[in-house]
Amino acid sequence: MIARLLYGVDVLEGLATLPEAIPEICIKAGTSAGGCCGTCGSPFKRIVKGVSGTSKECPKTQLAHEVRGGIGKVTGTVGKSGSGRINEYSETLGWQPTCQCHAETIPCTVLDPFAGSGTTGKVAVSLGRQFIGIDLQVAYLELAKQRLGLFAV
Ligand SMILES: C[S@@+](CC[C@H](N)C(=O)[O-])C[C@H]1O[C@@H](n2cnc3c(N)ncnc32)[C@H](O)[C@@H]1O
Ligand SMILES: [Zn+2]
């Protein structure tokens, strides 16, 4: 019933809430998974190493390579008709501060000033962030509190 009051549909049956993938992208892009400085809030920077993957099979056939005048092979090809095909990826080596405070590391905080039923908060908490939600409607905050297990509203 409260759900119909809020959205006009039954949210408690899983309808009409924000898809979690949307805030997930924003939270990952906008906050550091490595946390931030407990004194000034500067985010920790990810230290990454590029890793070259192994060659993967070229989708072209050997004949297709030869017709094109290439010297490549079906697998692990390098050259005119089949340049090296590698699955590159990056590996996280660690995190480093972006300030000089030398203070404790704390989780980054996500602020949603239009928190509604708290989907952004739910995702933020699941990603290890702290969350502050604000909303005009107390009923929304109560729902968010139930979903998130918040201890303060
Ligand atoms: C679409 S919902 C937000 C969904 C939410 N971000 C989430 O992650 O689930 C929009 C919310 O903005 C709130 N709102 C609208 N105007 C506002 C205002 N001026 N100040 C605070 N909240 C407001 C509404 O009460 C409503 O709950
Ligand atoms: Zn700092």
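H102 counts as exposed because it has 8 C-beta neighbours inside 10 Å. In this report a residue is buried if 20 or more other C-beta atoms lie within 10 Å of its own, exposed if 12 or fewer, and partly exposed in between, with C-beta atoms placed from the backbone. H102 is found in the loop between β3 and β4 (105-106), and has a positive phi of about 55° although it is not a glycine. Helices (H or I, at least four residues) and strands (E, at least two) are DSSP runs, numbered from the N terminus.

The model is predicted: local features need pLDDT of at least 70, side-chain atom pairs count only at pLDDT 80 or more, and totals for chains, interfaces and linings use all residues. Residues are numbered from 1 along each chain as its sequence is written, while chains are lettered from A and ligands numbered from 1 in the order in which they are written.

Of its 153 residues, 18% are buried.

Strand β3 (residues 89-96) has eight residues, of which the number buried is zero, so it lies largely in the open. Strand β2 (residues 45-51) pairs with β3 in the antiparallel sense over seven bridges; pairing requires that DSSP finds at least two bridges between two strands. Within this pair, G50 stands opposite S90 in β3.

Helix α5 (residues 138-148) has the buried residues Y140, L143, A144 and L148. Seen down the axis of α5, these fall within an arc of 120°, so they line one face of the helix; the arc is that of the directions from the helix axis to the C-beta atoms. The face turned away from the buried side of α5 carries the exposed residues V138 and A139.

| Residue | Phi |
|---|---|
| H102 | about 55° |

S117 is found in the loop between β5 (109-112) and α4 (119-126). With 28 other C-beta atoms within 10 Å, S117 is buried. S117 and L141 are 24 residues apart in sequence, and their C-alpha atoms are 6.4 Å apart in space.

Around ligand 1 there are 16 residues, of which F114, G116, T119, T120 and L136 come nearest; a residue is near a molecule or strand if its C-beta atom, placed from the backbone, lies within 6 Å of it.
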